[in-house]
Amino acid sequence: MSKSTPEARAQHWAKTRNLTILVLVVWFIFSFVVHWFAKGLNGASFIGFPLGYYFAVQGSLIIFVLLIVFQNWMQDKIDDEAGLQSE
């Protein structure tokens, strides 16, 4: 870190921690909550599949990939603000 002060490190860690918590909350929602309600969504269909099944299988996978991209993009911004160089 170019700003190697304890305050700068604490601020970097706080932003990283908050991002991690946000990512874990979204992950939990799409790993468990959507699946808990999948049976209730099966009354409707999407492309011939029950909606609950489609959300649980396809939707969760799409969200997980987008979540990885989002987390990486945001962490790069946090690191750049702290003066860390990505190689």
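Lys15 is found in helix H1, in a model that is predicted. With a relative accessible area of 32%, Lys15 is partly exposed, because its value falls between the limits of 20% for buried and 50% for exposed. The C-alpha atoms of Lys15 and Tyr54 are separated by 34 Å, although these residues are 39 residues apart along the chain.

**The salt bridge**

- The count of salt bridges in this model comes to 1.
- The side chains of Lys15 and Glu81 form a salt bridge, with a distance of 2.7 Å from N to O.
- Lys15 belongs to helix H1 and Glu81 to helix H3, so the pair ties together parts that are 66 residues apart in sequence.
- Glu81 counts as partly exposed, at 45% relative accessibility, and Lys15 is likewise described as partly exposed, at 32%.

**The packing of helices H1 and H3**

- Helix H1 covers residues 6-36 and helix H3 covers residues 51-82; the two pack at an angle of about 175°, and their axes are 10 Å apart.
- That angle makes H1 roughly antiparallel to H3, because angles over 145 degrees are counted in this way.
- The residues of the contact of H1 with H3 comprise 16 nonpolar, 7 polar and 3 charged ones.

**Two further residues of helix H1**

- His12 is found in helix H1. Is this residue buried or exposed? At 15% relative accessibility, His12 counts as buried, since the limit for that class is under 20%.
- The side chain of His12 makes a polar contact with the side chain of Asp79, at 2.7 Å.
- Leu22 also lies in helix H1, and Leu22 counts as partly exposed at 42% relative accessibility.
- Leu22 and Gln71 are 49 residues apart in sequence, while the distance between them in space is 9.3 Å, C-alpha to C-alpha.

**Aromatic rings**

- A pair of aromatic rings is described by two quantities, namely the distance of the centres and the angle of the planes.
- The count of aromatic pairs comes to 5.
- In one of these pairs, the rings of Phe28 and Phe32 have centres 5.2 Å apart and planes at 40°, so the pair is tilted.
- Phe28 is partly exposed at 37% relative accessibility, and Phe32 is partly exposed with a relative accessible area of 36%.
- How are the planes of the rings of Phe28 and Trp36 placed, and at what distance are their centres? The centres are 6.0 Å apart and the planes stand at 75°, so the pair of Phe28 and Trp36 is edge-to-face.
- Trp36 counts as exposed, at 58% relative accessibility, because the limit for that class is over 50%.
- Trp27, Phe28, Phe32 and Trp36 are linked by ring pairs into a cluster.

Key
Residues are numbered from 1 along each chain as its sequence is written. This is a predicted model: local features need pLDDT of at least 70, side-chain atom pairs count only at pLDDT 80 or more; totals for chains, interfaces and linings use all residues. Side-chain values use heavy atoms; hydrogens and water are left out. Axes are lines fitted to C-alpha atoms, for helices over the stretch in contact, and angles run from 0 to 180 degrees between N-to-C directions. Helices (H or I, at least four residues) and strands (E, at least two) are DSSP runs, numbered from the N terminus. Angles under 35 degrees count as roughly parallel, over 145 as roughly antiparallel, 65 to 115 as roughly perpendicular and the rest as oblique. Ala, Val, Leu, Ile, Met, Phe, Trp, Tyr, Cys and Pro count as nonpolar, Asp, Glu, Lys and Arg as charged, and the others, Gly among them, as polar. Rings of Phe, Tyr and Trp (its six-membered ring) pair if their centres lie within 6.5 Å; planes under 30 degrees apart count as stacked, over 60 as edge-to-face and the rest as tilted. Buried means under 20% relative accessible area, exposed over 50%, partly exposed in between (1.4 Å probe, protein chains only). A salt bridge is a side-chain nitrogen of Lys or Arg within 4 Å of a carboxyl oxygen of Asp or Glu. A polar contact is a pair of N or O atoms within 3.5 Å; within protein, one must be able to donate a hydrogen and the other to accept it, and residues adjacent in sequence count only if both atoms are side-chain atoms.
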